[in-house]
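Thanks for coming, everyone. Please look at the screen, and we'll walk through it together.

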Amino acid sequence: MRSILPHEPALRAWLGAKRNAGIEIDDIVQETYTILAGRETVADITHPKAYLFQVAHSLIVRHIRRARIVSIQAMDDLMIDTGADDAPSPEDCAIARDDLRRLGQAIAAMPGQTRQAFTLRRVHGLSQREIAARMKLSENTVEKHIARGVRLLIEWAASGGNPTLQTSMKKQPKVAAPHGPTRNKSKH
């Protein structure tokens, strides 16, 4: 954040020129810092000033899109600034990269066969039959592993991508089955 904070006066001056958009400068600055504070790290931001301004610009666009009445001057200001294209903002790209990295960590935390079956199906697009042949498992077992992977990711997402949930994604302890070999406590 130390590399971003020195740019606040320039940001405030730039936002002052956008008053026609019906924004509160302090609110936009605060929301910008909230988004930046929500990032795991800001060390990967190579151009802090540009990133700060892009986050603020995205917030202004969001504010205007939500407004019931938008002044023509505000729209003109935005069209000049953005070029009116639908390309994702640097903020959106950074958030998407962060989300993708955390998703990869959640998948990596899955038990071995579940992770392998899930990845072969959802990432590489193999059929259950192809996965079963590759993993030397029955198609039914492959189906259960894929379903378990989906369930674990749903739980992970429901927890907000909370890394503490990943401990529940580890393989369950084995217990003696009533009739013979050991099996997992949880269903496959």
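Where is the place of Val55? Val55 sits in helix 3. Before going on, a note on the source: this is a predicted model, where local features need pLDDT of at least 70, side-chain atom pairs count only at pLDDT 80 or more, and totals for chains, interfaces and linings use all residues. Residues are numbered from 1 along each chain as its sequence is written, and side-chain values use heavy atoms, with hydrogens and water left out.

Now the overall layout. The protein chain has 8 helices and 2 strands. These are DSSP runs, numbered from the N terminus: H or I of at least four residues for helices, E of at least two for strands. Read from the N terminus, the order is α-α-α-α-α-α-α-α-β-β.

The chain has 188 residues, and 32% of them count as buried. Buried means under 20% relative accessible area, exposed means over 50%, and partly exposed is in between, with a 1.4 Å probe and protein chains only. The accessible surface comes to about 12000 Å², and 55% of that belongs to carbon and sulfur atoms. Those areas come from the Shrake-Rupley method with a 1.4 Å probe; for residues, only the protein chains shown count as cover.

Back to Val55. Is Val55 buried or exposed? Val55 is buried, because its relative accessible area is 0%. What does Val55 touch, leaving out residues up to four places away in sequence? The answer is Thr32, Ile35 and Glu91. Contact here means heavy atoms within 4.5 Å. Take Val29 too: it is 26 residues from Val55 along the chain, and their C-alpha atoms are separated by 9.6 Å.

Next, aromatics. How many aromatic pairs does the structure hold? It holds 1. The partners are Trp14 and Phe53, 5.4 Å centre to centre, with 55 degrees between the planes, a tilted pair. For the rule, rings of Phe, Tyr and Trp (its six-membered ring) pair if their centres lie within 6.5 Å; planes under 30 degrees apart are stacked, over 60 edge-to-face, and the rest tilted. Trp14 is in helix 1 (residues 8-16) and Phe53 in helix 3 (residues 48-66), so the pair links distant parts of the chain, 39 residues apart. Phe53 counts as buried because its relative accessible area is 17%.

Last stop: Lys136. It lies in the loop between helix 7 (128-135) and helix 8 (139-158). Lys136 counts as exposed because its relative accessibility is 72%. Lys136 has a positive phi of about 60 degrees, although it is not a glycine. Most residues other than glycine have a negative phi.
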